Each structure stands twice: as C-alpha cells, then as structure tokens.
Amino acid sequence: MTDKTAGGDVRLAGISKHYGSFTAVHPLDLTIPQGSFFALLGASGCGKTTTLRMIAGLEEPSTGTVHLGDREVTHLPPYKRPVNTVFQSYALFPHLNIYENVAFGLRRRGIKSVKKQVDDMLELVELGQFAQRKPHQLSGGQQQRVAVARALINHPQVLLLDEPLGALDLKLRRQMQLELKRIQTEVGITFVHVTHDQEEAMTMADTVAVMNGGRVEQLGAPAELYENPRTTFVANFLGTSNLIEAEVLEAGGADVTVSSAGTTLRLPAARCSTTPKAGGKLLVGVRPEKMSLVHADEADTVAAGRNQIRGRIAASSFIGVSTQFVVDSQVCPELEVYVQNIERDARLAPGAEVVLHWNPEHTFGLDAAQDIDAGIETVEEGA
C-alpha cells in the first residue's frame with residue numbers, strides 16, 4: 001500500500017507548550033519509531049492532545065523542535081507536513097458519497113485518475129460495497145473507517161488519531177481497535193494515537209507513553225508498563241495495583257525482604273524502581289490477578305516460599321470470568337484479589353478469614369516517597 005522505507009522516525013526534541021503562566025507540556029524528548037503504532041495515554045488535561053497538535057502543526061511549540069525523518073517541520077503549516085489527522089468528530093462531507101469523501105484529498109491536489117486508489121482504500125477499510133452511500137447512511141464505526149481511508153489516501157508519513165473511537169459504544173470500540181490495528185499493520189505507516197482509555201492503548205499500540213501533568217511518566221511496550229510500572233501513577237492508572245507500605249529488612253542481593261504490620265514479604269531487587277536500603281521504606285506492589293486466596297482453614301496447603309497475607313473478606317462480586325474480592329488486613333486495607341471461577345469455594349464469602357498468597361516474582365517495588373493514590377482518580381472524558 002505504501003513504501004515502508006520512506007519517512008523515518010518522528011522526533012520531538014525539548015518541545016514544550018505554555019499558555020500564559022500555564023504549562024500544558026513540559027520540555028519533552030520523544031522518538032516515535034517509523035512504522036510503529038504509538039499511543040499517548042493519559043487522563044484529561046495531561047498534555048497528550050497538545051503534543052499531538054504540535055506534531056500536526058496545529059499548535060506552535062513554545063520551545064523545541066519537531067522532526068519527521070531528517071526534516072525539521074517545527075514551523076511548517078499543517079498542509080505542508082506529510083501528516084494527516086483523524087479526529088473524534090469524523091468531519092465527513094455530508095453531501096458527498098463515501099467514494100467522493102475518500103477521493104477528496106486526491107482531487108484537491110489535481111489528480112485526475114483516482115478510481116484505483118479510492119477502490120484500493122475502500123477495500124482496505126472493508127467498505128467497498130458502501131461507496132455510493134452518504135455518511136448518514138453508515139454506522140459510527142463505518143464513518144470512522146471512511147475518515148481513516150480519507151486520511152490514508154494521501155500517503156502521509158504519519159497518521160495522527162485524536163480520541164478516534166471516543167464517540168462509539170463499547171462493543172464497537174473493541175471492534176474498531178482491532179480494525180485500526182489491522183489497517184496499521186497492512187499499510188505500515190506510523191500511527192500516533194491519543195486516548196484516555198487504558199485498554200484501548202494496551203490493545204492497539206506497540207509502544208505507550210503514559211502522560212501525567214504535561215510529562216511522560218513512563219514509556220514502553222504495554223506488557224512492560226503493566227508488569228513493571230516505575231511510578232505509583234502508572235501502577236494505578238494502568239489497571240489496578242495493590243500497593244503496600246513496607247520497611248526494608250534486607251537488601252543487596254537478588255531478593256529484597258520487607259516487613260509490613262509484622263508480615264514478611266519478598267520481591268526481586270530487579271523489579272524495584274528505586275534502590276532499596278535496609279531500614280528504608282518501599283511501596284510493594286502486586287496486581288489482583290496474580291494473587292490466590294484460600295480459606296484460613298487451608299492455610300497449610302499454601303506452598304512454602306510464597307508471599308502470604310492473612311485477612312478477612314470485606315466484599316465480593318461475581319463478574320462471570322472471575323470473582324473480585326476485597327480483603328481487609330493489617331498489612332493493607334482493601335486488598336483487591338481477582339480469582340478465576342474454576343472451582344468456587346462457597347466458604348469464600350464476606351466475613352470469612354482467608355490467606356492471600358502469590359509468587360514473590362510477581363511483586364514490584366516503588367519509591368515510597370510518591371503519592372500512593374496517584375493515578376486512581378481517572379477521568380472518563382479525555383482532553
């Protein structure tokens with residue numbers, strides 16, 4: 001569909017954006033590899049859309065430069081950049097049929113023979129049979145694919161997607177996530193996708209930049225961010241984390257031993273975002289699905305070497321695939337545990353005394369100086 005060797009990386013060097021005394025984006029260095037699906041993820045007002053608009057040329061950076069491949073484009077107007085943007089409002093021309101909507105960019109550039117390119121593009125987005133329909137005759141997901149086709153037909157180096165699925169219902173969003181990923185893989189163009197939806201970013205992107213307060217908190221592959229968060233914000237914003245305040249008993253080897261409310265826990269030193277020191281504080285993290293739960297009467301069935309916490313079930317909710325438990329303990333109030341519904345123990349009900357246990361390898365450590373609740377208050381609507 002397009003030449004995968006053309007273009008090059010998107011490089012942002014020291015770019016920032018100030019509006020009077022307000023800093024929307026603090027100085028930022030970011031390289032978006034050519035041909036990747038890259039997501040800027042964060043809650044409302046974190047600076048992700050402003051960053052996207054600076055790549056598009058819709059905002060002038062206060063400092064820094066924007067490069068597309070070897071070419072600096074910082075001061076070029078949007079129409080002179082090899083970039084196209086798809087917004088949440090698809091902005092299709094209501095009076096033109098789908099074929100003419102897609103052909104519009106080519107016709108504007110004076111290209112006469114557009115049929116093959118338009119047909120190919122409609123086939124790519126699986127809308128060939130809808131070519132003669134008007135936008136209002138299509139579903140939201142189909143309109144979104146028309147908007148993508150119209151942007152891609154100009155063969156941009158980079159396609160920018162600003163909350164593109166925000167107007168769709170949940171089922172359609174999930175379907176479109178897979179569609180956009182398929183299209184990106186087929187055309188090989190760099191996609192930069194802004195979203196506040198963690199699942200959307202994790203499903204679609206090769207690389208995710210988690211933004212908070214105008215800064216990139218952490219950058220990496222979705223699995224890396226989820227398994228090894230480096231800050232409390234990332235740990236809480238991407239899924240759910242149980243964060244336990246603990247004191248370091250032993251450090252220096254491959255394992256770190258900590259104590260919390262008289263309970264001893266272990267974790268790998270390699271999974272600590274800070275260097276733990278004996279006598280110091282550490283936030284010990286574990287994801288709810290990594291934990292197992294047994295009734296206190298069966299505590300002796302827990303294998304030696306596993307981390308263990310005793311507590312009492314405060315609440316439980318059955319959600320089909322799993323049961324989600326909230327467990328109160330001296331170590332940490334309201335520990336969350338997700339247990340798959342394979343063999344359900346009827347005794348595991350609110351009020352029951354239980355033992356939580358998990359493999360120490362599934363534990364991570366964070367700097368205890370951070371706000372333990374950062375990232376929990378997420379906002380539904382992105383900005």
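Two strands are taken to pair if DSSP finds at least two bridges between them, and helices (H or I, at least four residues) and strands (E, at least two) are DSSP runs, numbered from the N terminus. The structure is a predicted model, in which local features need pLDDT of at least 70 and side-chain atom pairs count only at pLDDT 80 or more, whereas totals for chains, interfaces and linings use all residues. Residues are numbered from 1 along each chain as its sequence is written, and side-chain values use heavy atoms, with hydrogens and water left out.

On these terms, strand β17 (residues 322-328) is joined to strand β18 (residues 335-340) by six bridges, the two strands running antiparallel, and serine 322 stands opposite glutamine 340 of β18. Six residues lie between the strands of this hairpin, in which glutamate 334 takes a positive phi near 55 degrees. Strand β17 is also joined by six bridges to β16 (residues 307-318), again in the antiparallel sense, with serine 317 opposite glutamine 324. The hairpin of β16 and β17 has three residues between its strands, and glycine 320 in the turn has a positive phi of about 85 degrees.

The protein chain contains eight helices and 20 strands, and its C-alpha trace spans about 80 × 45 × 35 Å along the principal axes. Of its 383 residues, 49% are buried, where buried means under 20% relative accessible area, exposed over 50%, and partly exposed in between (1.4 Å probe, protein chains only). Among contacts with a separation of 6 or more, 68% are made by residues 24 or more positions apart, a contact being defined by heavy atoms within 4.5 Å.

An open sheet is formed by four strands in the order β2-β1-β4-β5, with antiparallel pairing. Because β2 (22-32) and β5 (71-72) stand at the edges, each with a single partner strand, one side of each is left without a neighbour in the sheet. Helix α1 (residues 48-56) packs on this sheet and touches β1 (10-19), β2 and β4, its direction making about 120 degrees with that of β1; the axes are lines fitted to C-alpha atoms, for helices over the stretch in contact, and angles run from 0 to 180 degrees between N-to-C directions. Two bridges pair β4 (residues 63-68) with β5, and histidine 67 stands opposite glutamate 72 in β5.

In helix α2 (residues 98-108), the buried residues are Ile98, Tyr99, Asn101, Val102, Ala103, Gly105 and Leu106, and their cover includes α3 (115-124) and α4 (140-152). The N-terminal end of α2 is capped by asparagine 97, a side-chain oxygen of which lies 3.2 Å from the backbone nitrogen of tyrosine 99, while glycine 110, just after the helix, takes a positive phi of about 80 degrees.

Two individual residues were examined further. Glutamate 200, placed in helix α6 (residues 198-204), counts as buried because its relative accessibility is 0%. Its side chain is joined to that of arginine 173 by a polar contact of 2.9 Å, this term denoting a pair of N or O atoms within 3.5 Å; within protein, one must be able to donate a hydrogen and the other to accept it, and residues adjacent in sequence count only if both atoms are side-chain atoms. Arginine 215, in strand β10 (residues 215-220), is by contrast partly exposed, with a relative accessible area of 47%. Not counting residues up to four places away in sequence, arginine 215 touches His26, Cys46 and Val210.
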